[in-house]
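Hello,

Here is the structure I promised to pass on to you. Have a look at it first, and my notes follow below.

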Amino acid sequence: MLGSTLKSWQFYSYSLIQLLIEPGQFFRELAENTTLKRALGFMVICCGFFSIASLLTGAYSRPVWIMAIIFFVNAAGMIVLSSFLGYTAMALIFGKRPSFSIVFSLYAFSSGVTLFISWLPFFLWFSEPWKWWLIYTGFKNTCGFTWKQALIILLVSMTVQFFLIYSAVIAFVN
C-alpha cells in the first residue's frame, strides 16, 4: 500500500516538474506513460489544491466546506468540458481519433499544472494562455497534429466553450 502510494506521488511530482521544465518532451511521452486513472488522479490532486488555495482569496457568503466543493467541481468540470469539446472538435473536423483517454489526459495535465497558480485572481491573465498553449503543444506532440490542425482544434473548442459559458451566465445569472 505504501509502495503504491509513494509511486503515485512520484509520478505526479515527475509530471508536474516535466510540465514546467519540458512540456514538449512530456507530451511526446504522454501516450506511453499515462493512463486514464493517472490523469484522473493528477486532476483530483490539482483541483483539490486549487479548491483549498482559493479559499484564501476572500470572504464568502457560504460556509467554507460548500465553497471548497464549488471550487473543486468548477475546476474539475471545466477540465472535463474542455476535453470533451476538444475531442469532439478533433473528431468532427479532422476525423482523427486518438482515444478519449489520451485527449482527456492532455487536458487534465495541461489544466492541472496551471491550477497551481490560477487560484490567485491576477494570475488568470497568465495561467489561461499558458493552459491553452500547453494543450496546443499536447495536440502537436501527443496526437501528431500539424501546428495548423492543432490551432484549429483549439480555436474551435475555445469558441464553443466561450459561448456555452456565456449562454449559461445569461440563463442563470440574470
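**What I found**

Read along the sequence, the protein chain runs α-α-α-α-α-α-α. That is 7 helices and 0 strands, where helices (H or I, at least four residues) and strands (E, at least two) are DSSP runs numbered from the N terminus. Please keep in mind that this is a predicted model, in which local features need pLDDT of at least 70, side-chain atom pairs count only at pLDDT 80 or more, and totals for chains, interfaces and linings use all residues. Residues are numbered from 1 along each chain as its sequence is written, and side-chain values use heavy atoms, with hydrogens and water left out.

**Overall shape**

The C-alpha trace spans about 45 × 45 × 25 Å along its principal axes. The radius of gyration of the protein chain is 16 Å, which agrees with the value near 16 Å for a compact globule of 174 residues (taken over C-alpha atoms; the globule rule is 2.2 Å times the number of residues to the power 0.38). Buried residues make up 40% of the 174 residues, with buried meaning under 20% relative accessible area, exposed over 50% and partly exposed in between (1.4 Å probe, protein chains only). Of the contacts with a separation of 6 or more, 68% are between residues 24 or more positions apart; contact means heavy atoms within 4.5 Å.

**Two helix pairs**

Two packed helices are described by the angle between their axes and the distance between the axes. Axes are lines fitted to C-alpha atoms, for helices over the stretch in contact, and angles run from 0 to 180 degrees between N-to-C directions.

Helix H4 (residues 64-94) packs on helix H7 (residues 147-173) at about 130 degrees, with the axes 9 Å apart. That makes H4 oblique to H7 (under 35 degrees is roughly parallel, over 145 roughly antiparallel, 65 to 115 roughly perpendicular, and the rest oblique). Met78, Leu81 and Leu85 are among the H4 residues that meet H7, whose side of the contact includes Ile152, Ile153 and Val156.

Helix H3 (residues 36-54) and helix H5 (residues 100-118) cross at roughly 20 degrees, and their axes come within 9 Å. H3 and H5 are therefore roughly parallel to each other.

**One residue to look at**

Is Thr137 buried or exposed? Thr137, in helix H6 (residues 124-141), is buried, with a relative accessible area of 8%. Leaving aside residues up to four places away in sequence, Thr137 touches Pro23, Gly24, Phe27 and Thr142.

Best wishes
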